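Hi there,

Here is the structure I promised to pass on. Please open it alongside this email, and my notes follow below.

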Amino acid sequence: MSKAVYAGTFDPITNGHLDIAIRASKLFDQIIVAVADDNYKQTLFTTEERCQMVTDVIGDIPNAMVDTFSGLLVDYCQRQGATSVIRGLRVVLDFEKELQMALMNRSLHDEIDTVFLMSEAKYLFISSSLVKNAAALDGRIEDLVPPAVAQALKRKYK
Ligand code: COA
């Protein structure tokens, strides 16, 4: 069974992330959307809140499950029996960081490969930080994130 891990902070998950998760689910028998715990970045949402949002959003993808992880991503993949890490690529700017991370991950565990998927064009400009900035200033975010996430952001910034 082919298994891949789509990891990220997902603070919060956006339509861009969802697009990548759906694309990945068509390539692998099972995907795990793995939410990094609070240690990596200062997050607006707690790990539990980010997991709940991811669970709400990926509920329609039959071969996807949600989990949290801490420590090295490649160690987590190995524990889960996953052989691929999924990363979304949006703009050229992503490439350098992603290449470095893919090579670092491969040097740590050379049997785990990184698979890059291109975002759909309409999601290329979306990032979690920009969505949070817009939401904090009462901007319109409904086209950028799933409805459950838009509501959660509104509650946070009320
Ligand atoms: N659509 C929308 N936004 C996207 C996106 C897409 N397809 N792809 C990336 N992004 C955005 C995210 O919203 C996020 O935006 P932000 O910085 O404004 O919040 C940014 O790109 C990066 O997010 P993401 O791709 O989720 O990466 P991350 O930095 O949040 O998470 C980990 C990276 C957690 C997977 C990585 O740090 C990791 O593996 N950590 C574990 C330790 C480890 O193994 N390190 C590597 C070896 S030392």
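**What surrounds α1, and what else turned up**

The buried residues of α1 (15–25) are covered by elements that include β1 (3–8), β2 (30–36), α2 (47–58), β4 (84–89), β5 (113–118) and α5 (128–136). Here buried means under 20% relative accessible area, exposed over 50%, and partly exposed in between, using a 1.4 Å probe and protein chains only. Covering residues are those in contact, with heavy atoms within 4.5 Å. Helices (H or I, at least four residues) and strands (E, at least two) are DSSP runs, numbered from the N terminus.

Before going further: this is a predicted model, in which local features need pLDDT of at least 70 and side-chain atom pairs count only at pLDDT 80 or more, while totals for chains, interfaces and linings use all residues. Residues are numbered from 1 along each chain as its sequence is written, and side-chain values use heavy atoms, with hydrogens and water left out.

Back to α1. Nine of its eleven residues are buried, so this helix is largely enclosed by the rest of the structure. Those nine are N15, G16, H17, L18, D19, I20, A21, A24 and S25.

F10 counts as buried because its relative accessibility is 3%.

D138, in the loop between α5 and α6 (147–156), is another non-glycine residue with a positive phi, here about 65 degrees. D138 is exposed, with a relative accessible area of 68%.

Next, R50 in helix α2. R50 is buried, at 0% relative accessible area. Its side chain reaches the backbone oxygen of A36 at 2.8 Å and makes a polar contact with the side chain of T47 at 3.1 Å. A polar contact is a pair of N or O atoms within 3.5 Å; within protein, one must be able to donate a hydrogen and the other to accept it, and residues adjacent in sequence count only if both atoms are side-chain atoms. Leaving out residues up to four places away in sequence, R50 touches T9, F10, D11, V35, A36, D37, D38, T43 and F45.

In helix α3 (73–80), the buried residues are L73, V74, Y76 and C77. Seen down the helix axis, they fall within an arc of 155 degrees (taken from the directions from the axis to the C-beta atoms), so they line one face of α3. Among the elements covering them are β3 (64–69) and α4. Just after α3, G81 takes a positive phi of about 75 degrees.

Finally, the lining of the largest pocket. Its residues divide into 16 nonpolar, 13 polar and eight charged. Ala, Val, Leu, Ile, Met, Phe, Trp, Tyr, Cys and Pro count as nonpolar, Asp, Glu, Lys and Arg as charged, and the others, Gly among them, as polar.

Best wishes
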